[in-house]
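Please examine the chain shown below. This briefing takes up its overall organisation and then one of its helices.

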Amino acid sequence: MSNTNTTDQTPGRTPGPWDAKPEATLARETAPAAEAPVEKDQSLVWAMLSTALMGGFLWWITGSAIVAGAVLIGLFVHEAGHALAMNKLGMGPARIYIIPFLGGLAKARREPKSEWDGVLVSLAGPAFGLLAMIPFVGVWMVLGQGEWLMGAFFIAMLNLVNLVPAPPLDGSKALGPVLTRVHPRLEQIVLLVIGVTVVWWGLTTGRFILAAFLALSVFSHLKRGVWRAAWGTLSWPEAANSLALYLLTLAACAAAAVGALMPMTAGDPSGAVQLGLNYLGFGR
């Protein structure tokens with residue numbers, strides 16, 4: 001059901017009791033748009049508690065304080081990339097939240113001015129997030145301890161997994177508008193198929209919390225009628241640029257993950273790829 005004005009404006013017709021009064025229509029059209037209420041920022045106590053819970057959860061599932069710390073730092077840097085892009089594009093001041101057991105969230109105070117701005121914001125997180133690998137690779141070069149290198153690998157994987165085009169991950173927000181430019185239904189079909197596939201992967205590899213989170217998101221997207229927001233679709237040049245940026249960011253994250261594992265495979269790229277697939281549950 002669409003929200004449209006159904007008042008008959010046929011010339012010469014006598015207005016009926018159901019028609020809006022002219023002065024009421026004029027007042028509604030000239031009245032300034034109401035500003036969205038500003039949400040309260042996350043309290044310091046809850047921010048510290050949620051970060052501690054997330055850190056403890058990562059330590060529990062990885063068995064390493066170094067790797068857990070790397071993922072937590074990588075999470076902050078990833079969300080900082082989103083927040084910086086939001087502020088630069090006039091959507092700020094953005095805020096960063098840590099969501100225990102799930103990850104993080106950068107939230108803007110305003111919608112993007114265009115689909116192109118939305119694509120840039122979605123890709124800024126994974127691209128900027130790779131910078132968090134630098135100190136961990138540096139410490140590994142000094143100490144030679146494999147845990148630091150594994151920390152760098154998991155940071156790369158954090159950003160790589162976020163580029164999967166499944167709602168609500170960053171990949172769906174970057175690739176979705178490109179698919180919509182081809183056909184409005186193509187985005188819905190592709191993202192839902194990939195979303196269901198990722199949920200199946202999570203269930204079969206024991207990543208039950210991630211699978212449950214993605215399943216809820218896919219279900220909520222199934223209930224939506226219109227996916228694209230009111231700011232419109234990409235132009236064809238913007239769609240081409242968005243696809244190129246998405247593939248470039250995807251390649252950079254994949255290369256960073258493989259590069260972090262290559263010292264463990266005596267510099268063998270194929271061995272590093274296979275080791276990475278093993279961590280994802282696709283090993284032979």
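The points that follow concern a predicted model.

**Overall organisation**

- The chain contains 11 helices and two strands.
- Read from the N terminus, the order of the elements is α-α-α-β-β-α-α-α-α-α-α-α-α.

**Burial, contacts and surface**

- Of the 284 residues in the chain, 37% are buried.
- Among contacts with a separation of 6 or more, 64% are made by residues 24 or more positions apart.
- The chain has an accessible surface of about 16400 Å², and carbon and sulfur atoms contribute 69% of this area.

**Helix α9: length**

- Helix α9 comprises 15 residues, 208-222.
- At 1.5 Å a residue, α9 should span 21 Å, and this agrees with the 21 Å that separates its end C-alpha atoms.

- Ala 211, Leu 214, Ser 217, Val 218 and His 221 are the buried residues of α9.
- These residues lie on the same side of α9, because the arc they cover around the axis is only 130 degrees.
- The cover over the buried residues of α9 includes α8, residues 184-204.
- Phe 208, Leu 216 and Phe 219 are exposed on the other side of α9.

Key. Residues are numbered from 1 along each chain as its sequence is written. This is a predicted model: local features need pLDDT of at least 70, side-chain atom pairs count only at pLDDT 80 or more; totals for chains, interfaces and linings use all residues. Side-chain values use heavy atoms; hydrogens and water are left out. Helices (H or I, at least four residues) and strands (E, at least two) are DSSP runs, numbered from the N terminus. Buried means under 20% relative accessible area, exposed over 50%, partly exposed in between (1.4 Å probe, protein chains only). Contact means heavy atoms within 4.5 Å. Accessible areas come from the Shrake-Rupley method with a 1.4 Å probe; for residues, only the protein chains shown count as cover. The expected span of a helix is 1.5 Å times one less than its number of residues. The arc is that of the directions from the helix axis to the C-beta atoms.
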